[in-house]
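Please open the structure in your viewer and keep the selection tool at hand. The stops below say what to select next and what is there.

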Amino acid sequence: MRTLSIVLFIFFVSIAMSAQDITGQWNGVLKVQGMQLRVVFNVTKSGAFYTSTMDSPDQGAAGIPVTQTTFVNSTIKFEVTNARIQYNGALKNDEIVGTFKQGGQEFPMNLSRKTIEKEVIKRPQEPTKPYSYYSEDVTFPNAKANISLAGTLTLPKKEGNYPVVILISGSGAQNRDSELLGHKPFLVISDYLTKNGIAVLRYDDRGFGQSTGDFKTATSADFATDVESAVTYLKTRKEINLKKIGLMGHSEGGIIAPMVSAKSKDISFIVLLAGTGIQGDKLLLLQQELIARANGASEAEIKTTFQNNSKLFEMVVKSTDLQKLKTELTTKINELIKNDNSTEIPNGMTKEQYIALQVNQITNPWMQYFLKYNPQPTLEKVKCPVLAVNGEKDLQVPPKQNLTAIKNALIKGGNKNVTTIEFPNLNHLFQESTTGSPSEYATIEQTFSPVALNEITKWIQKQTE
């Protein structure tokens, strides 16, 4: 009788499982560091087997093949091998409660048959249409790179002749608004400047948004040619005062602006927003140390990371042979992992794959250039007026070291018009912050400090009187 009960139980469970239908569309919103990305899985069934595709509407991607779809005992699993994506969830009524995994990181994400809308994030400074000024979407070529850049030119009025600022984004592919973690700082800056009589050109980075080209293989020097192309374009516009063309670069953009102005007489002033004044390898080591400490890492952990990365960065800086560098880095990282039991290799990745990933990241063209680049010799050649500003709580480009280095290099080169400002309580994005940690960026409603906006605008107006 006991055996019969077990058999009947299994039989009833099997009926219940077979009644569960997971075919159709499942919708979710992935929340990562303040960003929200809609994710859609489309499930079909043929016989006993399931197949799926994945859509990422906010990234313009649809029909991505899901390598494997399994559904057993109310548990569903999607795998996209090439992208190292895995989703595991449990079916509960009309909802799948689960976790999205990619690259060793995990994020909770539930799926529903109903369309899920992204949460509305409060960004009170973000302007809305219709604007009180003229805005025009434009495209212009970079003939040297054989690419086309797409952006937006804003003018106080459609007719007139205005000073202009070209906005230059920081590291990582960004659109013309420099959109990051739910914030659009370049849109806010552009809006403020234009309302105060200054035209602004901002554009999508090459290979991103509506701009063509390859972002992955480009270095800061390549991005400088994009800025030069923007200057060339503005010189064709009758609304622009050709004697009052300025550059404003944030973070890496603060490296690029001096590159352009150092060799161009067309640039009448530059503004460096958290621009760097020390060599890239030294900056990254300092940045890693400060952020780790703010995130609660122990001093022993910070010291170990500093020592390890110092060795790796030094290898890159001294290298002249890429293949030899990759081989040496592979050996060194393998040695560091062997001697450090605390190293965690992401799930689903072998040690060899993990090491190869680290080597590729540190030897990509942009990183090699950045680690080796010392901005001081270029700054010494900049003769136009310069405003360099930082936030007191900037952990990515620490103000004391960088503002001092920038000012000293400019003065050494004979520049007579140099202004530096360290704004109290502001972080790397120029938000009023508590700790300055990047983990705060998305949670702060403010996009860009009004105090900093006002000071920067007054300085530009003085240079363009």
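Start with helix H4, residues 253-261, which lies across strand S13 (162-168), strand S15 (240-250) and strand S16 (267-273). H4 runs at about 165° to S16. The model on screen is a predicted one.

**The sheet**

Next, select the eight strands that form an open sheet, in the order S11-S12-S14-S13-S15-S16-S17-S18. Their pairing is mixed. Strand S11 (134-142) and S18 are at the edges; each has a single partner strand, so one side of each is left without a neighbour in the sheet. From one strand to the next, the twist averages 20°.

Strands of a sheet pair through backbone hydrogen bonds, in either a parallel or an antiparallel way. For an antiparallel case, select S11 together with strand S12 (residues 147-155): the two pair over nine bridges. Within this part of the model, pick Asp-137, which stands opposite Thr-152 in S12.

Now select H12, which lies across S13, S15, S16, strand S17 (386-391) and S18. H12 runs at about 165° to S16.

Which residues can be picked in the loop between S18 and H12? One of them is Gln-446, in the loop that joins strand S18 (418-423) to helix H12 (450-463). Ser-449 is also found between S18 and H12.

Is Gln-446 buried or exposed? Its relative accessibility is 15%, so Gln-446 counts as buried. Leaving aside neighbours within four places in sequence, Gln-446 is in contact with Gln-125, His-183, Phe-430, Gln-431 and Glu-432.

Move on to Ser-449, which counts as buried because its relative accessibility is 2%. Not counting residues up to four places away in sequence, Ser-449 touches Leu-426, Phe-430 and Glu-432.

**Two crossing helices**

Two packed helices are described by the angle and the distance between their axes. Select helix H6 (residues 299-318) and helix H9 (residues 365-372), whose axes come within 9 Å and cross at roughly 95°. H6 and H9 are therefore roughly perpendicular to each other. Where do H6 and H9 meet? Show Phe-313, Val-316 and Val-317 in H6, which meet Gln-368, Leu-371 and Lys-372 in H9. The residues of this contact divide into four nonpolar, one polar and one charged.

Terms used: Residues are numbered from 1 along each chain as its sequence is written. This is a predicted model: local features need pLDDT of at least 70, side-chain atom pairs count only at pLDDT 80 or more; totals for chains, interfaces and linings use all residues. Side-chain values use heavy atoms; hydrogens and water are left out. Axes are lines fitted to C-alpha atoms, for helices over the stretch in contact, and angles run from 0 to 180 degrees between N-to-C directions. Helices (H or I, at least four residues) and strands (E, at least two) are DSSP runs, numbered from the N terminus. Angles under 35 degrees count as roughly parallel, over 145 as roughly antiparallel, 65 to 115 as roughly perpendicular and the rest as oblique. Contact means heavy atoms within 4.5 Å. Ala, Val, Leu, Ile, Met, Phe, Trp, Tyr, Cys and Pro count as nonpolar, Asp, Glu, Lys and Arg as charged, and the others, Gly among them, as polar. Buried means under 20% relative accessible area, exposed over 50%, partly exposed in between (1.4 Å probe, protein chains only). Two strands pair if DSSP finds at least two bridges between them.
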